Amino acid sequence: MAATRGLFLTAAALRAVTPWQRGRLLAASRGPWALREMSSSSPEAGEGQIHLTNSCVQRLLEITEGSEFLRLEVEGGGCSGFQYKFSLDTVINPDDRVFEQGGARVVVDSESLAFVKGAQVDFSQELIRSSFQVLNNPQAQQGCSCGSSFSVKL
């Protein structure tokens, strides 16, 4: 699927991979039930959660189709030791955890989950870029100023 190098998969890159259909409804227009509580595909749903912000849910509903979801991975690199990687995917592996909210799904493999459990996934739209990003990661000790990489708590 759409694999990119680096921290952010920009909105333009995501649209190139998955064209947005203008007729698709946003989560906010579907009513209050669309932003229901997050669920997980595993039994320990209360432990090691990834939280999705409303803007993340909205954007994922706009750009994904059918069985597509946002995959979050952590890989070595960046100026602080580890970096986040986002991509659109359709294959769920046996070691993946699925986090769903309002019909939007984020999938994290078990190795990456150890580095991001308890964090928030957000979609930020600014004048200079639009991107998915990880916020409030309790596993991160510090990060670079742009938020593209982080070091872990020991």
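Modeller: Angles between axes run from 0 to 180 degrees between N-to-C directions, and for a helix the line is fitted over the stretch in contact. The model is predicted.

Biologist: How does helix α2 run relative to β7?

Modeller: The helix, residues 54-63, makes an angle of about 70 degrees with β7. It lies across β2, β7 and β8.

Biologist: What is the order of the strands in that open sheet?

Modeller: The order is β2-β7-β8, and the pairing is mixed.

Biologist: What makes β2 and β8 edge strands?

Modeller: β2 (51-52) and β8 (130-135) each pair on one side only.

Biologist: How do you know that β2 pairs with β7?

Modeller: Pairing needs at least two bridges. There are 2 bridges between β2 and β7 (residues 120-125), and the strands run parallel. His51 has Gln120 in β7 as its bridge partner.

Biologist: How many aromatic pairs are there?

Modeller: The count is 3.

Biologist: Why is the pair of Phe82 and Phe115 called tilted?

Modeller: The ring centres are 4.8 Å apart, and a pair needs them within 6.5 Å.

Biologist: Which parts of the chain does the pair link?

Modeller: Phe82 is in strand β4 (residues 82-89) and Phe115 in helix α3 (residues 110-116), 33 residues apart.

Biologist: Why does Phe82 count as partly exposed?

Modeller: Its relative accessibility is 24%. Buried means under 20% and exposed over 50%, so a value in between is partly exposed. Phe115, also at 24%, is partly exposed.

Biologist: Which residues do ring pairs link into a cluster?

Modeller: Phe86, Phe123 and Phe132.

Definitions and conventions
Residues are numbered from 1 along each chain as its sequence is written. This is a predicted model: local features need pLDDT of at least 70, side-chain atom pairs count only at pLDDT 80 or more; totals for chains, interfaces and linings use all residues. Side-chain values use heavy atoms; hydrogens and water are left out. Rings of Phe, Tyr and Trp (its six-membered ring) pair if their centres lie within 6.5 Å; planes under 30 degrees apart count as stacked, over 60 as edge-to-face and the rest as tilted. Helices (H or I, at least four residues) and strands (E, at least two) are DSSP runs, numbered from the N terminus. Buried means under 20% relative accessible area, exposed over 50%, partly exposed in between (1.4 Å probe, protein chains only). Contact means heavy atoms within 4.5 Å.
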